[in-house]
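Please keep the structure open while reading.

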Amino acid sequence: MQNDVVLTMRGIVKTFPGTRALDGVDFTLRKGEVHALMGENGAGKSTLIKVLTGVYEKDAGSIWVEGSEGEAPIHSPQDAQNIGISTVYQEITLCPNLTVAENMFIGRTKGSRVNWREYEKRADELLSNLGIPARARQELSHCSLAVQQMVAIARAVDMNCKVLILDEPTSSLDEKEVEMLFKLMRDLKSRGVGIVFVTHFLEQVYEISDRITVLRNGQLVGEYPVSELPQVELVARMMGKDLGDLADLEAVGEKSAGSQEIVYEAQDLSSVDCRPYDFSIRRGEVNGFTGLLGSGRSESVRAIFGADRVTGGKVKVKGKYVKITNPHDAMKNGIGYLPEDRKRDGIIADLSVRENIILALQVMKGFFHPMSKAQMKEFADEYIKALQIKTASQDTPIKSLSGGNQQKVILARWLLTHPDYLILDEPTRGIDVGTKLEIQKLVLKLAEENMSVTFISSEIEEMLRTCSRLIVMRDRKIVGELTGDQLTQGYVMKTIAGGEQ
Amino acid sequence: MVGKNNRRREPLTDAQLLMTISIGIFAAMYVAAMIFMGGGFLKAQQIFDLLNDNSYLIIIACALTIVMIGGGINISVGGVISFTCMACAIFLNGTGIAAGPLGIVLALLLALGIGLGFGLLMGFLVSYLEIQPFIVSLAGMFLARGLTTILSVNPVKVAHEGFLELVKSKIKISWLGYVAQNGNLIPAKIEIGTVVAICVVIMMYVLLRHLRLGRNIYALGGNRQSALMLGINVKRTCFYSYVISGLLSGLAGFVFLMHKPAGNASVAMRSEMDAIAASIIGGTLLTGGVGNVIGTFFGVMILATIQKIIALSPLNASWWQEMASGAMLGVFIILQSVVLSHRGKKAKE
C-alpha cells in the first residue's frame, strides 16, 4: 500500500516573524495522482510549496521523497530539482527571448560548448511525444501562455521529475487552453508522475483531481478523496465552518436595504479582468460581493471604480449616463474605493497621516486649488477623532501606524470627499477584531446617513452582519444574488459551492 | 519527416529582425552616398577607411553589446582606452626590454592586463555586491581617466621604432585598389587593427551564439529571475560578461594606439556613448536579452558613414555630425519599439 507513495511531508512547521505560517502540516502524494491543495488566503498553501521546493527552509518536520534514502535534503530550488521535485509557477519562469529548446535544456548542459542541434532534436521528440504544439526552434515569446506553461512542464518531465507542482497554472488560460493542459496532466498521471495542483477554481479541482488536501490558517484540515468531499463541504472546510453548527450572528446594528432611488447602475460592465455583468445599488444600501479568493469579486468592483481598464458597458449614476474609465472619473461621480491591498494601492507610506487623509479631496479639487494648511489640519483632526485613529500626531508617517489604523486613515480619506457610493474591498483584512467591529459599525452608520456601500470580505459573518444583499461569485461569474431569509451562512456557502448538496 | 520539420525556417527572432533592419539601412545609405556623392564612396578604399578609423569602436561596441544583452551597462570603456594608450605609450618609450621587439608583445599584454583588471573589478562589484552597473562603470570611467592624467598630463608620442613600423604596416590588396590621376595603381590598404576588430566580431558572435556562456548571458538579460530558476549561475554569468567587456576595452586601447601612436588624456572621449549608440542601432535592447554583434558591427558602420557623408558635404561641422547621429539613434529607437510592439500584438493573437 505504502509503496506507491512518492512524497511524504510530516509535521511541517514554518514561522515568520509574528505569524505561524505552517503549524504541523502533513501532506502525502501518491504516484500517478493529481492532488489538489486547497485553502483560502493565508491558509499556508504557498508556504507549504515553497518549503517543498526549497525556497524556504522549514523550522521543523520532515520530508521523504521516494528513491532517496532518509530525509530529503532540500535547501534550495536546485536540491529540490535534483531529487525530482519540479515546479511550474503561475508566472512563467522561462526566458522569453530564448528558443523553446533552449528553455528546456539551458542550465542543465555540460561543457562549455553546447550542441544545440542535438538538443533541438530531443526537444522536438519530447514535445511531439507529449502532444505540445510547439517547435524546438521557435522563440518562446512567439508561443501562447498555455504553450509556454507546457514547455515548462516538458522541461520538468525531461528532468525525470517524480513530483510536479503546478501553482495556479490555469489562472491566465482560456477554456480551450485549460483543456490542453488537463490533457497533458492526465498523460503525465498515466506515466506515474505525482501532481500537486493548486488552484482557485473549484470546478477544475473536481474535473481533474483524485484527492484534495485542505489547509486553513496554517493547519491541516484534512485529506479527502474527491468522491467523498462534495463541493459544498469543501467550501465549508476551506472557510473553517461545519455545516452543522452555524450559529446565528449577533447583530452589530440595523441592516439597511436603502431607499428606492438607484445611485449607481451598470449594464454589461466589463474590464480587462472581469466579464460583463449587471449591477445596481440604491441610496443607503449596503451590499456585498462574496465568493472564494480568485472568484472575481475584487475585479468586479475595480471595474466599477475604473481601476482596471474598462472594456465595455453602460453606467448610470443617479439616473444619468456617465463614462467612467479611470478612478478620477469615478471620484468626480461621487464614487470612492478602498482597495484590497492597502500597502500597494492605498497608503503612501512616507507621507504623514494628514497628507494621506487629504489626498483624495485634493485630487478632486484639482491641484490648482490648494487648500490652506489650517483647513487641512482641521479636516485631519476631525476624522482622526471621528474614526478614533490611534496616531501620535497628524505628522506621523503613516507607515508607523498599525494595520487597522492605516485602514482607518484610508477610510477617512474617502469619507472626506463625501462620496455617494463607497466601495470597501477587504477593509478588515489583517486588522484586529476590535477594529473590525468598529469598521462594520461604521459601515452601517454611513448607510444610515444615506451613503451606499459595497462591502467585500473573506469572512462571511462580516458580510452577513452588514449587507442586505449579497452577490455571489464563482469562477469569475455571478452565480446568485441573495437577500432576506437567504442570508444565512449555510445558504451562502451552498451558493458559493454550486448548490450541489 | 521529423528531421525535415526540425530544420524548418522559423520566423526571425526580434534580434535578427532588428539586425536585418540595420543592415538594410546601412546598405541603402551607402548606395545613396555612392549615387549622390560619388567620389570617394565609389572606391573600395572608402569602406576600409571607415573600418580603419573605427576599428577600436567596433571592439568596444562588441564589449558593450555583451554586457547590454546581459541586462547591464559598461560606460568605462572609453576611459579604459585612454588609460591603456597612455600606459602602453609610456612603456614603449622605456628602455631595456621594452625598447626591443619583445616590447610590443609586452605592451599588448599590458593593455589586456589593464582591461582585465577593470573587468574583474567592475564585474565583482556588479555581480557579487549587486551594485548598479551604471554607477560602477561611471566610477570605473572616472578612475581610468584619472589614472591616465596621473601618468602624464601631456600627450606622449610613441617613439618605439618597431611599434611605429607596425603602425605603418598595412595589408595591401591591389585588385581592390584604384588608379590615381598620375596613372599609378594605389592598392586598398587595411590596417592591422581592422583585422583584429573583425576577428573580435567573429569570436564574440561564436561566443554568444554557440557557447554555453553566451546563451546564459541571453537568459540572464531575458529574465534574471527565470534564469536563476532554470539553474543558471547568474552571478558568475554576469561577472564573466564584465570580464569580457573589460578585456575587450584593453584590446581596443592597444588597437587605438596602433592607429594613432600617442597617449593622450582626451583620447576616445565620449566613445562609450558612440558604442552604446552603435549597439542600439544594431538591434541591442537596453532592457537586455536581445541583440547580436553582427548588428552592432553594422551599427558602427552606420554611424561612421553618417559622419563621413557629413564631412564630405557642405554641412561639414561637428554639430551636424552629432545631430545626425542623434537623429539616427532616435529614429532607430522609435522604429524598434514600433516593430516590437507590432510583433507583440501579432504574437498574442
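## The model

This is a predicted model. Every value here is computed from it.

A disulfide is a covalent bond between the sulfur atoms of two cysteines. How many disulfides does a search of the whole structure find? The count over all chains is 0. Take B:Cys88, which is in no disulfide. Its nearest cysteine sulfur belongs to B:Cys85, 7.2 Å away. A disulfide needs two cysteine sulfur atoms within 2.5 Å. B:Cys88 is also buried, at a relative accessible area of 1%.

B:Cys238 is another case. The closest cysteine sulfur is in A:Cys95. It lies 14 Å from the sulfur of B:Cys238, which is too far for a bond. B:Cys238 counts as buried too, with 8% relative accessibility.

## A:Asp268, in a strand

Now the backbone. A:Asp268 is not a glycine, yet its phi is positive, at about 50°. Where is A:Asp268 found? The residue is in strand E10 of chain A, which covers residues 262-271. A:Asp268 is partly exposed, and its relative accessible area is 49%.

## A:Asp475, in a loop

A:Asp475 has a positive phi as well, about 45°, and is not a glycine. This residue of chain A sits in a loop between two strands. Strand E18 (469-474) is on one side, and strand E19 (477-483) is on the other. Is A:Asp475 buried or exposed? A:Asp475 counts as buried, at 10% relative accessibility.

Key: Residues are numbered from 1 along each chain as its sequence is written. Chains are lettered from A and ligands numbered from 1 in the order in which they are written. This is a predicted model: local features need pLDDT of at least 70, side-chain atom pairs count only at pLDDT 80 or more; totals for chains, interfaces and linings use all residues. Side-chain values use heavy atoms; hydrogens and water are left out. Buried means under 20% relative accessible area, exposed over 50%, partly exposed in between (1.4 Å probe, protein chains only). Helices (H or I, at least four residues) and strands (E, at least two) are DSSP runs, numbered from the N terminus.
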